[in-house]
Amino acid sequence: MEKAIIKAAQDFIEKAKNKSVKIISHNDTDGITSAAIMAKTLQRLDIPFSIIILKQLEKEEIYKLPENEVLLFLDLGSSSLQDITKLKTDVFVIDHHEIPGEIPLNITLINPHKFKEEDISGAGLTYLFAKTINLENKDLANLAVLGMVGDMLDREIGKLNNTILNDAELIIKKGLLLYPATRPINKTLEYSSIYIPGVTGNSRGAINLLKESGIEKTNGTYKSLLELTSEETSKLLTNIIVKRMKQENSDLIGNIYLIKFFNKLEDARELSARINACSRLGHTDTALLLCLGDKESLAKSEKIYADYKQHIISALNHVTIADKTEGKNYVIINAKNEIKDTIIGTIASILSTSPNYEPGFIIIAMAYSGDKIKVSARISGRNGRNLRELIQASLFKIPSECGGHQQAAGCLIPREKEKEFIEALKKQLEVELVKI
């Protein structure tokens, strides 16, 4: 893949010399950080550019794109190559999602699946591309780390990701993978992205857990995760495992990445979540400016993130009364208008860590998005059915674009196809159960 990146970088610069560049990127942390990396890279080259951030790459959006600019797709595009190939301009796609069909000859695609390389985030690929263009761009490695943890690709660090970590300004510590590791532990537990029954979304439950673990306030406030003693950490971990019962707990301990951000060490997972929150609540401009080092966006992002966490807690509470279709090894949660379409994927991810679900259990969450429905699929644990293939098979007669990975996938379907999709999805899930 290294040779392909070098050639693609050379071709890109040659094409961009006489044209402006249109960056089209995804609206999650990985996509936002990818866009920021390329924005910085193009600024340094004095190449004019503009940026579009999208929730989903739909056919309508593709055909609206200008054909007098170089088009650069980041963290999306692999599942839309057959539509992108119809554009009569120079096209580059830097993406890490699965490639469902043939790769058109008129598209330059950098994707680890194409080269059978280790999985790497969109931001990681974009960083390697930018670094190939100019070694001066090594200072953008921190943004690639944010994209990496945002897509949860930091659990198994291979050669490519290790290169990025070595380039970044960071400190790596082993510890509980709850974030932020640098803020009071009671709030970290209350807003935990790893579901802890009776604790996640419950301030009193978080405080009770700390008392059970022998952790008290010091000078009127609780310590941060990083400030806990090894004994306190051990007791807290034990009590969390007890509350999570049958759920896999091997992922509770791992690397905490502290990166330099605005001249201060911050938890990369917290920053990643904040960037994601801004974008999910419609403030992609704030998210992008934050990544580009704009100080005014720092305070704005904190307020947006606080609002976002309240949305998450409200959504988790609604899940208990939402319209559900349940099977032996799956649940389809149809939140309709009660949960924002921009956070339904986050809710599915949190639920996939719940001890209520055995490893391999599939969670499908749906929410209305105007005249369409956003569908997000997640799986409990690391092993099980390929979710992108599952969603794709359920869309046999329904116009839609499916994207994602084996463990996390999604699509956007017409609202009038709601019942038809759910029935098709149920059939696919039941067929798989019979095979097992």
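Is Ser-121 buried or exposed, going by its relative accessibility? Ser-121 has 0% relative accessibility, so it counts as buried (buried means under 20% relative accessible area, exposed over 50%, and partly exposed in between, with a 1.4 Å probe and protein chains only). Before the views, a word on the model: it is predicted, local features need pLDDT of at least 70, side-chain atom pairs count only at pLDDT 80 or more, and totals for chains, interfaces and linings use all residues. Residues are numbered from 1 along each chain as its sequence is written, and side-chain values use heavy atoms, with hydrogens and water left out.

**View 1. Ser-121 in its loop between H5 and H6.** Here's the serine from the opening question, sitting in the loop that links helix H5 (112-115) to H6. (Helices, H or I with at least four residues, and strands, E with at least two, are DSSP runs numbered from the N terminus.) The Ser-121 side chain reaches the backbone nitrogen of Gly-124 at 2.9 Å. That's a polar contact: a pair of N or O atoms within 3.5 Å, where, within protein, one must be able to donate a hydrogen and the other to accept it, and residues adjacent in sequence count only if both atoms are side-chain atoms.

**View 2. The parallel sheet of five strands.** Follow the strands across this open sheet and you get the order E2-E1-E3-E4-E5. (Two strands pair if DSSP finds at least two bridges between them.) At the edges are strand E2 (49-54) and strand E5 (107-110), each pairing on one side only. From one strand to the next, the twist averages 15 degrees. (Axes are lines fitted to C-alpha atoms, for helices over the stretch in contact, and angles run from 0 to 180 degrees between N-to-C directions.) Zoom in on strands E3 (residues 70-74) and E4 (residues 91-94), and you'll find four bridges joining them; Leu-74 has Ile-94 of E4 as its bridge partner.

**View 3. The antiparallel sheet of three strands.** This open sheet goes E6-E7-E8, with strand E6 (170-176) and strand E8 (264-267) as its edges. Neighbouring strands are turned by 35 degrees against each other on average, direction ignored. Seven bridges hold the pairing between E6 and strand E7 (residues 253-261), and Lys-173 has Ile-256 of E7 as its bridge partner. Helix H7 (residues 141-150) lies across E6 and E7, at about 145 degrees to E7.

**View 4. Strand E10 and its partners, E9 and E11.** Five of the five residues of strand E10 (residues 330-334) are buried, so the strand is largely enclosed by the rest of the structure. In a regular strand the side chains alternate between the two faces of the sheet. In E10, Tyr-330, Ile-332 and Asn-334 point one way, while Val-331 and Ile-333 point the other way. Strand E9 (residues 323-327) pairs with E10 in the antiparallel sense over five bridges, and a hairpin of two residues joins them. With strand E11 (residues 362-369), E10 pairs in the parallel sense over five bridges, and Ile-332 stands opposite Ile-364 of E11.

Definitions and conventions
Contact means heavy atoms within 4.5 Å.
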